[in-house]
Amino acid sequence: MKKHTFLAFDIGATSGRAVLVILINGKFEMREIHRFPNNLLELHGKYYWNIYNLYEELKKSLSLCTQQHIVPDSIGIDTWGVDFGYLASDGSLLGLPRAYRDPYTEGAPEEYFRLVSREEVYRLTGIQIMNFNSLFQLFRAGQEGFASLENAEEILFIPDLLSYLLTGNRVCEYTDASTSQLLNPVTRQFEASLLEAAGVSPSIVRQVVMPGTLVGELTDALAEETGAGKVPVIAVAGHDTASAVAAVPAQDQHFAYLSSGTWSLMGIETEEPLITQESYENNFTNEGGIEGTTRFLKNITGMWLLEQCRKEWEKAGRSYTYPEIVQMAEQAVPFIRFVNPDDPRFANPACMTKAIASYCEETGQPVPVTDAEFIRCIFESLALRYNEVIRMLKEMAPFRIDRLHVIGGGSKNTLLNQFTANAIGMPVIAGPSEATAIGNAMIQARSAGIVSTRWEMRRLIAGSVHTETFLPQEEMSWKEVYERYIEIVKR
């Protein structure tokens, strides 16, 4: 079998990577070529993404491939969702893209709902209401008189914007566009009425293309500068979670997934959107997947709580490796205190440990004192929150759910995986941790005709990666604890 090499750019909100996925004889191997930071840029009270720096890192990655005599068959880019850049009529980028953590959208949904009701927005889009969704970013930018919007002919979501910088060609990829709260998941068309209510012309968005579409080739200048040649760029599942879900090594549809990282995204893969009164009340989202599927899921604040605590401890001179963190959690007394990870106070607090302590105090629980107590509280709270969400999924899913696949960096957290299995009372299958890059590359492989369906992709992935299964333990104890947890979060 011919060897195929795919270059996957997987860019998150804190860092990015260039990963080679080499496919031969029905299996693949991976190699990281380059890793680079992606930092928020604050200018005059506004938060931006330095898209030009990301572009330079993509170029550097291509040059590194050339230096190692690697010629990729194609390139794919995935990133986080909702954010976008503004383009002028001549194709020039108007400033830097605003970042979803910019507080300018605080309170925007409630203001917008005076124009179009919350129920109608959800009915049209099926998207979880979150203040940083693209709809509310455009609405607030219009209220600000933001010059980039006032002079824009078009917006491009971040993966499409990076593809445009590489090729000079513009597309609007389906999975990333689906996170915007502007796209109707049934028609797969943008809802003009929502844009008009925000004071924005519907012409600012273009028709979507599906994952696997050819965007174009590297520009002549880039091909020469990097030595890479005219490599094709494929619009993969541009939203990183969509690429990750494509890499779930499942045998059939009877699974839920948990893409575990800074955010935890828990959901199921369905053939059609699920937009019901129950899904509205539970604030679930219908985002695009490969082959026209829907990722019916809920965003959960994930390891963000621990990451912020670790930063505070490091500033105080206490640094822990991940094995040390797990050991600390194991040694702490269990089931003493819990928090709701999605409480608004944890979104971006000045001090995460103080925010957790105040939550415990306000809900009548012992305040954590040691770092180990904070870690144990976070791990147990996440497992219990996962149980809360998977119970909702079981009630709404059109099929039974037999197991939970945990993918992404969090799949390497064996203690949290075991806690999760205990809490939900079903097997947890952990891995692959590199799901996003793998899914990105497999969509490129599908575009090249090497695999034909998502299930063929998944069989190939299952034969190439190691997974670990965690079976439920101490189920009765965790059931009792879950009832306590629900009482506490309702306070």
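I started with helix H6, which gives the most to the lining of the largest cavity, with 3 residues. Helices (H or I, at least four residues) and strands (E, at least two) are DSSP runs, numbered from the N terminus.

Ground rules, before going on. This is a predicted model, where local features need pLDDT of at least 70 and side-chain atom pairs count only at pLDDT 80 or more, while totals for chains, interfaces and linings use all residues. Residues are numbered from 1 along each chain as its sequence is written, and side-chain values use heavy atoms, with hydrogens and water left out.

**Entry: the cavity**

I looked up what counts as a hole. On a 1 Å grid over the protein atoms alone, a cavity is a set of points where a 1.4 Å probe fits but cannot get out; a pocket is an open set with protein on both sides within 12 Å along at least five of seven lines; lining residues have an atom within 4 Å of a point. Grid points are joined across faces, edges and corners, and a volume is the space filled by probe spheres set on the points.

How many cavities of 30 Å³ or more are there? I got 1. The largest cavity holds about 50 Å³ of space. Helix H6 (158-167) and strand E12 (232-235) are the elements that give two or more residues to its lining. Among the lining residues I noted Ile77, Pro159, Asp160, Val215 and Gly238. By class, I wrote down 7 nonpolar, 2 polar and 2 charged residues. (Ala, Val, Leu, Ile, Met, Phe, Trp, Tyr, Cys and Pro count as nonpolar, Asp, Glu, Lys and Arg as charged, and the others, Gly among them, as polar.)

**Entry: the second largest pocket**

Next I checked the second largest pocket, with a volume of about 950 Å³. It is lined by 34 residues, and the closest to its centre are Met130, Asn131, Asp342, Pro344 and Ala347. Where does this pocket lie? Domain 1 (4-238) and domain 2 (250-431 + 452-490) both give residues to the lining, so the pocket lies between them. Those domain bounds come from an automatic or database domain assignment.

Helix H2 (108-112), helix H11 (277-281), strand E16 (294-301) and helix H15 (371-396) each supply at least two lining residues. E16 gives the most, with 3 residues. The classes here come to 13 nonpolar, 11 polar and 10 charged.

**Entry: the open sheet**

E16 turned up again in an open sheet of 7 strands with mixed pairing, in the order E15-E16-E14-E13-E17-E18-E19. (Two strands pair if DSSP finds at least two bridges between them.) Strand E15 (285-288) and strand E19 (468-470) stand at the edges with a single partner strand each, so one side of each has no neighbour in the sheet. From one strand to the next, the twist averages 30°.

I zoomed in on one pair: E17 (residues 403-407) and E18 (residues 428-430) are parallel, with 3 bridges. Histidine 405 is opposite isoleucine 429 in E18.

**Entry: a hairpin**

Strand E4 (residues 40-43) and strand E5 (residues 46-49) run antiparallel, joined by 4 bridges. Leucine 40 has tryptophan 49 in E5 as its bridge partner. There are 2 residues between the strands of this hairpin, and histidine 44 takes a positive phi near 50°.

How values were computed:
Axes fitted to C-alpha atoms, helices over the stretch in contact; angles between N-to-C directions.
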